[in-house]
Amino acid sequence: MTNFRYKALPVDVYFGNGKSTETKEILLHYGYQKILVLTTPGQEEAGHKLAKELQEICAGVYPHAVMHVPVEVADKAVRFAKDSDIDCYLALGGGSTIGLAKIMALKTHLPIVALPTTYAGSEMTTIYGSTENNLKTTGKDIHVLPKVVIYDPELNITLPAEISACSGMNAMAHAVEALYAEDKNPIISLMAIESIKALKSALPMIVKDLTDISARQKVTYGAWLAGVCLGSVGMAIHHKICHTLGGTFNLPHAQVHAITLAYSVQYNRNADIEAMDRLAEALGASSREEVGLVIYRLNESLGIELALKDIGLPKEGPAEVARIVCDSPYYNPRKYEYNELERLLTKAYLGLPPA
Ligand code: NAD
């Protein structure tokens, strides 16, 4: 074992079926009494239901969260918050809603309590981002880390099958890259392996039956662990590829992660042998040569769209993404090789097996 650094982030986590019904009690425990509920337009109704449960401690519902936090949406929300008498943001939603809460917290230093309803993991990180002219800018700040996260698997039941599957694979991508991160450490690797196993075993059950609450619980557990991984160690080539596909081509976040993970691990399969052998074991693959194919087949069985061309990547996309990724790389255990990346991204574009 090599030397390592492990830094735990200070988040109070409540986990369990039906836990969200205790939200008011938990908020009062923290002394929060003027709550602004945040949602996307699509989850506004759920936001109002929650507001009703909070009764006198709810100051209102702000249902304007949008994917990737456009800067004009963020500015308007911050102005609204500064003009309101509130003491806490309650983010009910996925990465988009939590992302908006983060920008509001960054600018006002008010705390966030999160009720995640997807598996994206933003609630466990100090990473924030916003988008201007198709360019996403990100940063890190402890003020954007939620103080409290309430995981209630029952909140995910309304998440449709394809979004559930893609979001779950988005979580798996955080755990996979944590295994070979530049600053990997044994605690996070344990969490990553546990997360990958939970997601691999329970995602197929969710797709079969969206209301399978024990499977939902297992996936939520896996997603929480994956979020801790994302919040604790640096990510690598896979996240760079996805940020490029999302930022430059405006492709949907979770689907991009789900489709490309198979090709990223194929690229890295011999780069960090210890990590990839552990990944192979967690996925039930016969060897690390197989990890890409096992993830590809898992996507297939989950009914996930397999080709980047079918979610909006243009023909010139693979070459353009390979160029951007090689020009401004993140850390990766294998050197960036343009030709090999373009070859794999072309397979991802066409939806062909990675190996
Ligand atoms: P999302 O939050 O955009 O949600 C996708 C859609 O599903 C939305 O329309 C939403 O209203 C709907 N939805 C969410 N939960 C639902 C539920 N339970 N039932 C029915 N509908 C529901 O998707 P996401 O993938 O969670 O978030 C993506 C965003 O999060 C991206 O902008 C990404 O960059 C960001 N993100 C940030 C971090 C970070 O650490 N900062 C981590 C992961 C993702």
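How much area do domain 1 and domain 2 bury between them? In this predicted model, the two domains bury about 1800 Å² between them, with 63% of that on carbon and sulfur atoms. Here is a quick tour of the domain interface and of the ligand's surroundings.

**How the domains meet**

- The domain assignment divides the chain into domain 1, residues 12-156, and domain 2, residues 161-350.
- Contacts between the domains involve 18 residues of domain 1 and 22 residues of domain 2.
- On the domain 1 side, Phe15, Tyr119 and Met124 together supply 36% of the area buried against domain 2, more than any other three residues there.

**Who surrounds the ligand**

- The ligand has 20 residues around it, and Thr40, Ser96, Thr118, Thr125 and Lys136 come nearest.
- Sorted by class, this shell holds 12 polar, 6 nonpolar and 2 charged residues.
- Helix α4, which spans residues 95-108, gives the shell its largest share, with 3 residues.

**Backbone atoms by the ligand**

- For Gly95, a backbone N or O atom sits 2.8 Å from an oxygen atom of the ligand.
- Leu159 has a polar backbone atom 3.4 Å from a nitrogen atom of the ligand.
- On its own the ligand has 870 Å² of accessible area, and the protein covers 82% of that.

Terms used:
Residues are numbered from 1 along each chain as its sequence is written. This is a predicted model: local features need pLDDT of at least 70, side-chain atom pairs count only at pLDDT 80 or more; totals for chains, interfaces and linings use all residues. Side-chain values use heavy atoms; hydrogens and water are left out. A residue is near a molecule or strand if one of its heavy atoms lies within 4 Å of it. A polar contact is a pair of N or O atoms within 3.5 Å; within protein, one must be able to donate a hydrogen and the other to accept it, and residues adjacent in sequence count only if both atoms are side-chain atoms. Accessible areas come from the Shrake-Rupley method with a 1.4 Å probe; for residues, only the protein chains shown count as cover. Helices (H or I, at least four residues) and strands (E, at least two) are DSSP runs, numbered from the N terminus. Ala, Val, Leu, Ile, Met, Phe, Trp, Tyr, Cys and Pro count as nonpolar, Asp, Glu, Lys and Arg as charged, and the others, Gly among them, as polar. Domain bounds come from an automatic or database domain assignment. Contact means heavy atoms within 4.5 Å. Buried area is the accessible area (1.4 Å probe) that two parts lose on being put together, summed over both.
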